[in-house]
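Colleague: I am new to this structure. Could you walk me through it, feature by feature?
Modeller: Gladly. Have it open beside you.

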Amino acid sequence: MKVPVVRNILSANDRLAGENRQKLLGRRVCSVNIMASPGAGKTSLILRTAEELKGKLRLGVIEGDIASRVDADKVAAAGMPVVQINTGGTCHLDAPMVGAALEQLPLEEIDLLFIENVGNLICPVDFDLGTKASIVVSSIPEGDDKPYKYPGIFAAVDAVVLNKLDLAPYVPFDRAAFRGLVAGLNAKAPIFELSCSTGEGLAAWAEWLVALVARSREDA
Ligand code: MG
Ligand code: ZN
């Protein structure tokens, strides 16, 4: 008897994700769900990408965390409109939470909305938020076996970012093995190897985002 209950919760989420999607398309906002384990560099990626896209796209951010507003404060200090969602213990964002956050954002002033999910490689992928795309951020210190251990998330995303490339000389990480694992799970997702510390690789990632925003406007 438990399975139908789970299905009802998920379909309610999907319905609200559809509403978020329509709202975002209607306001010509392209949105990206950013998933990763804690400490992979989601917030750093947002801040570094904002520098890279300055003058090209107007960014906005929804920050999801179990508690605190430290990440939102960093984003706000960088001059971006931001809303913090505190999930109060829940280990993922869902469509109703994002729908409520959208009410608080100046959507007319945003071209690209980053939604930083709760740090967790397991369940966030099961909850459609209504975004145009979803990505996973992995990082060199986490090891090259993450796609092997968490195949669901790597199979579902539209792109993979491999962050902290500057640490590659100091940490054992087989980049070819990582790329092979990702390709085996997800043949379409591009992999962007980059470093938010040095800026290496950021340009190609920013270019992908600019193209994504252009595609999103064709959908609107
Ligand atoms: Mg963060
Ligand atoms: Zn969860």
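**Reading the helix contact**

Modeller: Start where two helices meet. On the helix 2 side are Thr43, Ile46 and Leu47, and they touch Asp71, Lys74 and Val75 of helix 3. Sorted by type, the residues of this contact are three nonpolar, one polar and two charged. Keep in mind that this is a predicted model.

Colleague: At what angle do helix 2 and helix 3 pack?
Modeller: The angle is about 5 degrees, and the axes lie 10 Å apart. Angles under 35 degrees count as roughly parallel. Helix 2 and helix 3 are therefore roughly parallel to each other.

**Reading the metal sites**

Colleague: Which protein donors does the magnesium ion (ligand 1) have?
Modeller: Look for protein atoms close enough to count as donors: N, O and S atoms within 2.8 Å of the metal. For the magnesium ion they are Thr43 (OG1), Asp71 (OD) and Glu116 (OE), lying 2.1 Å from it. Along the chain, their spacing reads T-x27-D-x44-E. Thr43 sits in helix 2 (residues 42-52) and Asp71 in helix 3 (residues 70-77), so this pair ties together parts 28 residues apart in sequence.

Colleague: Are Thr43 and Asp71 buried or exposed?
Modeller: Both are buried.

Colleague: Which residues coordinate the zinc ion (ligand 2)?
Modeller: Cys91 (SG), His92 (ND1) and Cys123 (SG) do, at 1.9 to 2.2 Å. The spacing of these donors is C-H-x30-C.

Colleague: How do I read accessibility at Cys91 and His92?
Modeller: Buried means under 20% relative accessible area, and exposed means over 50%. His92 has 12%, so His92 is buried. Cys91 has 34%, so Cys91 counts as partly exposed.

Colleague: How many residues of strand 1 are buried?
Modeller: Seven of the seven are, so strand 1 is largely enclosed by the rest of the structure. Cys30, Val32, Ile34 and Ala36 point one way, and Ser31, Asn33 and Met35 point the other way.

Colleague: Which way do the side chains of strand 3 point?
Modeller: In a regular strand, side chains alternate between the two faces of the sheet. In strand 3, Val83 and Ile85 point to one face and are buried. Strand 3 pairs with strand 2 in the parallel sense over five bridges, and Ile85 is the bridge partner of Gly64.

**Reading helices on the sheet**

Technical notes
Residues numbered from 1 in each chain as written. Chains lettered and ligands numbered in written order. Predicted model: local features only at pLDDT ≥ 70, side-chain atom pairs only at ≥ 80, totals over all residues. Heavy atoms only, no water. Donors = N, O, S within 2.8 Å, 3.2 Å for Na, K, Ca; no water. Helix = DSSP H or I, 4+ residues; strand = E, 2+ residues; numbered from the N terminus. Buried < 20%, exposed > 50% of the residue type's maximum accessible area, 1.4 Å probe, protein only. Axes fitted to C-alpha atoms, helices over the stretch in contact; angles between N-to-C directions. Parallel < 35°, antiparallel > 145°, perpendicular 65-115°, else oblique. Contact = heavy atoms within 4.5 Å. Nonpolar A, V, L, I, M, F, W, Y, C, P; charged D, E, K, R; others polar. Pairing = 2+ DSSP bridges.
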